[in-house]
Amino acid sequence: MANPQGSFIWYELMTPDQDASKAFYDRVMAWTIEAEASGSTEYRMLQTVDGPIGGALTLTDQMIAGGARPGWVGYLCVDDVDAMLARIVTAGGAVLMPAHDMPQVGRFAMATDPQGAPFYLMKPVPPVDDPDKASDSFHPTAIGHVAWNELASTDHKAALGFYGDLFGYECNEVLPMGEMGDYAFIDHHGTRIGAMMTRKDSPSAWSFYFRVPSVAAAMAAIPAAGGTVLFGPTPVPGGDHVVIAVDPHGAVFGLVSQ
């Protein structure tokens with residue numbers, strides 16, 4: 001795949017109830033969850049008008065007993081999953097799911113950074129008819145895609161060092177937020193992909209902001225569909241407005257639009 005190492009190439013919703021999640025997100029987002037699984041496993045694609053940008057995974061009782069919870073997780077593209085897992089452990093991270101292969105999909109694993117934020121690693125199998133195809137699941141301006149990746153970390157400076165060393169993330173601009181500390185923008189291969197900040201009052205985690213045609217319309221749909229708005233709408237640099245919300249199962253997500 002043509003994406004540079006460290007690129008966000010896929011997003012996954014972990015949910016205990018696919019049908020309930022479909023009913024919620026179909027009303028709020030500029031994409032739809034498939035009505036039925038596309039393969040033998042209970043995994044459904046998140047479909048935009050120009051193709052899938054992620055998937056929805058059913059949380060089994062066994063997964064929940066092992067500590068899994070509803071939420072959104074991003075996939076980072078890597079050249080060698082096993083080698084990167086070894087580097088992550090050496091750097092103070094942890095392996096949550098060992099590397100394994102899925103036919104016609106790729107090799108992937110799940111890990112955490114040293115502060116505990118989970119993410120997937122993936123070396124995808126490109127389409128046979130388009131071996132240089134790049135993922136556009138992250139796209140700053142495309143409706144229905146993730147437009148911003150935000151890490152709330154117990155130590156964002158340490159996290160920036162980790163992601164910088166392993167994936168080439170750079171911070172070239174910081175927005176002071178008073179008592180909340182600094183909001184450190186992340187650049188990756190010349191593209192601003194998101195930001196990091198320190199939050200010591202909650203576990204470290206990535207959050208993802210989906211671009212919608214109208215934040216106001218999507219925001220109104222959230223409580224009507226059983227979710228809760230946590231923050232916003234508020235203006236952000238560049239002319240956008242953002243909202244942070246939680247779905248009926250407790251998964252946090254963001255919305256962004258002009």
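## A walk through the chain

Set aside neighbours within four places in sequence, and Ala 147 is in contact with Phe 138, His 139, Pro 140, Tyr 209, Arg 211 and Val 256. This is a predicted model. Ala 147 lies in strand β9, which covers residues 146-153. Its relative accessible area is 7%, so Ala 147 is buried. Ser 257 is 110 residues from Ala 147 in sequence. In space, the two C-alpha atoms are 9.3 Å apart.

Now take the whole chain. It has five helices and 16 strands. Its radius of gyration is 17 Å, close to the 18 Å that the globule rule gives for 258 residues, so the chain is as compact as a globular protein of that length. Along its principal axes, the C-alpha trace spans about 50 × 45 × 40 Å. Buried residues make up 47% of the 258 residues. Consider the contacts with a separation of 6 or more: residues 24 or more positions apart account for 59% of them. The accessible surface comes to about 11,900 Å². Carbon and sulfur atoms hold 56% of that surface.

Next comes the interior. In soluble globular proteins, nonpolar side chains tend to be buried together. Here the largest nonpolar core has 52 residues. Within this core, Trp 72, Tyr 163, Phe 167 and Phe 253 touch the most other members. Which helix gives the most to this core? Helix α4, residues 156-167, does, with six residues. A second, separate core has 14 residues, including Met 14, Ala 68, Tyr 75 and Tyr 120.

Leaving out residues up to four places away in sequence, Tyr 163 touches Leu 76, Asp 113, Ala 117, Phe 119, Leu 151, Gly 168, Tyr 169, Met 196 and Trp 206.

His 156 also belongs to helix α4. Is His 156 buried or exposed? With a relative accessible area of 8%, below the 20% cut-off, His 156 is buried. Its side chain makes a polar contact of 2.6 Å with the side chain of Thr 198. Beyond four places in sequence, His 156 touches Asp 182, Ala 184, Met 196, Met 197 and Thr 198.

What of the cysteines? A search of the whole structure finds zero disulfides. Cys 77 is buried, because its relative accessible area is 5%. Cys 171 has 27% relative accessibility, so it counts as partly exposed.

Finally, look at the backbone. The peptide bond from Gly 232 to Pro 233 is cis, with omega near 5°. Pro 233 sits in strand β14, residues 228-235. Gln 104 is not a glycine, yet it has a positive phi of about 65°. Gln 104 lies in the loop between β6 (94-102) and β7 (106-112). Its relative accessibility is 77%, so Gln 104 counts as exposed. His 189 is not a glycine either, and has a positive phi of about 50°. Where is His 189? The loop between β11 (182-188) and β12 (191-198) holds His 189. At a relative accessible area of 59%, His 189 is exposed.

Note on methods:
Residues are numbered from 1 along each chain as its sequence is written. This is a predicted model: local features need pLDDT of at least 70, side-chain atom pairs count only at pLDDT 80 or more; totals for chains, interfaces and linings use all residues. Side-chain values use heavy atoms; hydrogens and water are left out. A disulfide is a pair of cysteine sulfur atoms within 2.5 Å. Buried means under 20% relative accessible area, exposed over 50%, partly exposed in between (1.4 Å probe, protein chains only). A nonpolar core is a set of buried Ala, Val, Leu, Ile, Met, Phe, Trp, Tyr and Cys residues joined through side-chain atoms within 4.5 Å. Helices (H or I, at least four residues) and strands (E, at least two) are DSSP runs, numbered from the N terminus. Contact means heavy atoms within 4.5 Å. A polar contact is a pair of N or O atoms within 3.5 Å; within protein, one must be able to donate a hydrogen and the other to accept it, and residues adjacent in sequence count only if both atoms are side-chain atoms. The radius of gyration is taken over C-alpha atoms; the globule rule is 2.2 Å times the number of residues to the power 0.38. Accessible areas come from the Shrake-Rupley method with a 1.4 Å probe; for residues, only the protein chains shown count as cover.
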